[in-house]
Amino acid sequence: MNIHRLTLKAQARQAMAAARPGARRMTLFYLLLTSGPSLLVSLFLTNPLTELAQLLQAGLDAPRAILLALSNTGAVSLFVHVFLLLLTVVLDFGYELWCLGTTRGGVGEWPDLSAGFSMAGRVVLLRLAVLLYSFILYMSCLMVAMLISGVVLMSGTVGVLAVLPIFAAAIGFALWRILHYTQASFCLMDHPDDGVFHAMAESRDLMRGHGKEYIFFLLSFLGWSALGLAIQFAIDAALMLVFGGPSLLAGDLSGAMAAVEAHPAIQAAACLLCWPYYAWLTPYQTMSLCRFYDALRHGPQQ
């Protein structure tokens, strides 16, 4: 079965144009529900993961850094950020469900975004199961690569650079296998009563033989993603000029970045300025992926 990227993306654009309520309005509402609370919380509470990253960069060992990050941010911050993460997972599922229904010619409604709450346990369990499987597979491949590389290096016939292809092959194999579970969320939407592991097995069956097509399909959005990063970079550069001008004139880039980071409200505003662009890109990408899923399940539709 040949999957034509241009056809699927054209169908996604048609679905966006026919969506009621409008795809951009629905996406802005979705972004408000997911990113909005995080931006608001960032004004008052420090993210434990951000604190952990800074401590690791400072040279602390992982166990001590974790304990210190939790101590510095507090239990309230940890609870709030975990809650927001779970909320985002469930709302992501609801948004994808709305996009899937819209691309199939259905008429979506605002409450569709909350559809994931009725099966929140299965949604979260699916995300955790895929992440756990991906982690175990990735680490297993790395361990095998390390073992083979150790044996090769002990032979003394090759140098260190010669084992790099072994690690590249191990990582490539792990990512290739992980791709088989990219359709699990859509499978759960179509058959919610069959359970999480059935959705994963069904995704694996659908993706068998289509990994390359899926990779090229994702790469076809690379230009749009790069444009989004360019917009974000331009906004960040403008903020550094405004708030970190003296540091930039002195050649102190880190000082200019620190000046911007000292104003969480400004950082939140910078994110909001990108929303109009992502209000178009997000439904375009998501509905295109929905069309890809339906092409796997039912075959390409003209």
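Is Cys 274 buried or exposed? At 3% relative accessibility, Cys 274 counts as buried; the cut-offs are under 20% relative accessible area for buried, over 50% for exposed and partly exposed in between, with a 1.4 Å probe and protein chains only.

This is a predicted model, in which local features need pLDDT of at least 70 and side-chain atom pairs count only at pLDDT 80 or more, while totals for chains, interfaces and linings use all residues. Residues are numbered from 1 along each chain as its sequence is written, and side-chain values use heavy atoms, with hydrogens and water left out.

**Overall fold**

- The chain holds 13 helices and 0 strands.
- Helices (H or I, at least four residues) and strands (E, at least two) are DSSP runs, numbered from the N terminus.
- Along the sequence, the pattern reads α-α-α-α-α-α-α-α-α-α-α-α-α.
- The chain has 302 residues, and buried ones make up 37% of them.

**Cysteines**

- The whole structure was searched for disulfides, and 0 were found. A disulfide is a pair of cysteine sulfur atoms within 2.5 Å.
- For Cys 99, the closest cysteine sulfur is that of Cys 290, at 5.4 Å, which is too far for a bond.
- Cys 99 counts as buried because its relative accessibility is 0%.

**Salt bridges**

- The structure has 7 salt bridges. Each is a side-chain nitrogen of Lys or Arg within 4 Å of a carboxyl oxygen of Asp or Glu.
- Side chains of opposite charge can pair when their charged atoms come close.
- One network of salt bridges links Arg 104, Asp 190, Glu 202, Arg 291, Asp 294 and Arg 297.
- Arg 104 and Asp 190 meet through their side chains at 2.9 Å, N to O. This pair links distant parts of the chain, 86 residues apart: Arg 104 lies in the loop between H4 and helix H5 (120–154), and Asp 190 lies in helix H7 (residues 184–190).
- Arg 104 is partly exposed at 40% relative accessibility. Asp 190 is also partly exposed, at 25%.
- Asp 190 forms a salt bridge with Arg 297 as well, with the closest N and O atoms 3.5 Å apart. Here too the pair links distant parts of the chain: Asp 190 in helix H7 and Arg 297 in helix H13 (residues 264–298) are 107 residues apart.
- Arg 297 counts as partly exposed, at 23% relative accessibility.
- Arg 291 bridges to Asp 294, where the closest N and O atoms are 3.2 Å apart. Both residues sit in helix H13, and they are separated by about one helical turn because they are 3 residues apart.
- Arg 291 is buried at 6% relative accessibility. Asp 294 is buried too, with a relative accessible area of 3%.

**Helix H8 and the residue after it**

- Helix H8 (residues 196–207) has 12 residues and should span 16 Å at 1.5 Å a residue; its end C-alpha atoms are 17 Å apart, which agrees. The expected span is 1.5 Å times one less than the number of residues.
- Which residues of H8 are buried? They are Val 196, Ala 199, Met 200, Glu 202, Ser 203, Leu 206 and Met 207.
- These residues lie on the same side of H8, because they cover an arc of only 165 degrees around the axis. The arc is that of the directions from the helix axis to the C-beta atoms.
- An α-helix has 3.6 residues a turn, so residues three or four places apart point the same way.

**Helix H9**

- Gly 211, Tyr 214 and Phe 217 are buried in helix H9 (residues 211–219).
- They are on the same side of H9, as their arc around the axis is only 125 degrees.

**Nonpolar surface patch**

- Ile 66, Leu 70, Leu 78, Val 82 and Leu 86 make a nonpolar surface patch of about 380 Å².
- Patches are made of residues with over 30% relative accessible area and no salt bridge; like charges are joined within 9 Å, and nonpolar side chains (Val, Leu, Ile, Met, Phe, Trp, Tyr) within 5 Å. Accessible areas come from the Shrake-Rupley method with a 1.4 Å probe, and for residues only the protein chains shown count as cover.
- Leu 78 is in helix H4 (residues 62–103). Leu 78 counts as partly exposed, at 36% relative accessibility.

**Leu 175 and Tyr 138**

- Leu 175 belongs to helix H6 (residues 164–178). Its relative accessibility of 47% makes Leu 175 partly exposed.
- Leu 175 and Tyr 138 are 37 residues apart along the chain, and their C-alpha atoms are separated by 7.6 Å.
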